[in-house]
Amino acid sequence: MRRALVAANWKMNLDLPQMRAWVAAARAELTGTLAVDVVVCPPFPYLFPMAKALAECAIRLGAQDAYHETSGAFTGEVSAVMVRETGAAYVILGHSERRHTIGHLEDDRMVNLKLRAVQSVGMTPILCVGETLAQRKASQTLDVLSFQLSAGLSGVRVSSGEQLVIAYEPVWAIGTGLNATAAQAQEAHAHLRAELTRLIGREPAAQVRIIYGGSLKPENANELMGQADVDGGLVGGASLKAETFTRIVRVVSQSG
Ligand code: PGA
């Protein structure tokens, strides 16, 4: 049985007072024992203050990226070691906004190098994969997922479910208000699990959480989380308000 995971991806949003207010509200909402791991991913400058704000709280800290080199002349980059020092336990990697946005255009090799760096310092990568609308229309979805997964995990060993999280994030669903249907999500997640089994072996593949991201809201969470291979969510827009995010956490917690 996999324990669900719900992560808030704040992207480049909120300021420090808003983040502190969010943590206070989320703490108040999420009392008692939850059947879910909850993670919040602020922008880099806020990792240390958020680690402090989250002290003695069940919500874990994650980063939105990390560079693969440990140190050196890499202006503007932040290494996995530096991220870990803040207390972060998770790192989102290969998000479509980094794969496809001008100025980033991260390729699968870069994602793979970052993933190895993050794992090597003991943090858990949240590897994002997902097809564009054009790829879905051309019936390439499953091939794209297979490719991104195997390239992202090239040379990587995973022996337990703690070492990796996969996020299925159809690019056409991110920030658009259009979510994948439960059937589309289950098809993609089941495919990813089958591919994972091939890549890392049956036992770890059965333990790895495969979470869904793309216009996830309290209103559609129940249906999506009811699918056998959907183990939680990566929430963008709906994570910016603690009230909405914690409603999603509750839905996920109850559907487990
Ligand atoms: P969204 O973003 O929930 O705003 O669609 C999800 C994500 O980008 O992780």
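Tutor: On a 1 Å grid over the protein atoms alone, a pocket is an open set of points with protein on both sides within 12 Å along at least five of seven lines, whereas a cavity is a set where a 1.4 Å probe fits but cannot get out; lining residues have an atom within 4 Å of a point. This is a predicted model, in which local features need pLDDT of at least 70 and side-chain atom pairs count only at pLDDT 80 or more, while totals for chains, interfaces and linings use all residues. Residues are numbered from 1 along each chain as its sequence is written, and side-chain values use heavy atoms, with hydrogens and water left out.

Student: What volume does the largest pocket have?

Tutor: The largest pocket is lined by 17 residues, of which Lys11, Met12, Gln64, Arg98 and His104 lie nearest its centre. Taken as the space filled by probe spheres set on grid points joined across faces, edges and corners, the volume of this pocket is about 480 Å³.

Student: Which helix and strand each supply at least two residues of the lining of the largest cavity?

Tutor: There is one cavity of 30 Å³ or more, and the largest cavity holds about 40 Å³ of space. Its lining includes Ser96, Arg99, Cys128 and Val129, along with His95 and Glu169. With helices (H or I, at least four residues) and strands (E, at least two) taken as DSSP runs numbered from the N terminus, the elements that each give at least two lining residues are α4 (96-99) and β5 (124-129).

Student: How much of the accessible area of the ligand does the protein cover?

Tutor: The ligand is surrounded by 13 residues (each with a heavy atom within 4 Å), and the closest are Lys11, His95, Glu169, Gly175 and Ser215. An oxygen atom of the ligand lies 2.6 Å from a polar side-chain atom of His95, while a polar backbone atom of Ser215 is 2.7 Å from a ligand oxygen and a backbone N or O atom of Gly236 is 2.9 Å from one. Of the 280 Å² of accessible area that the ligand has on its own (Shrake-Rupley method, 1.4 Å probe), the protein covers 96%.

Student: How many aromatic pairs does the structure hold?

Tutor: Counting ring centres within 6.5 Å for Phe, Tyr and Trp (its six-membered ring), with planes under 30 degrees apart stacked, over 60 edge-to-face and the rest tilted, the number of aromatic pairs in the structure is four.

Technical notes: Polar contact = N/O pair within 3.5 Å; in protein donor to acceptor, adjacent residues only side chain to side chain.
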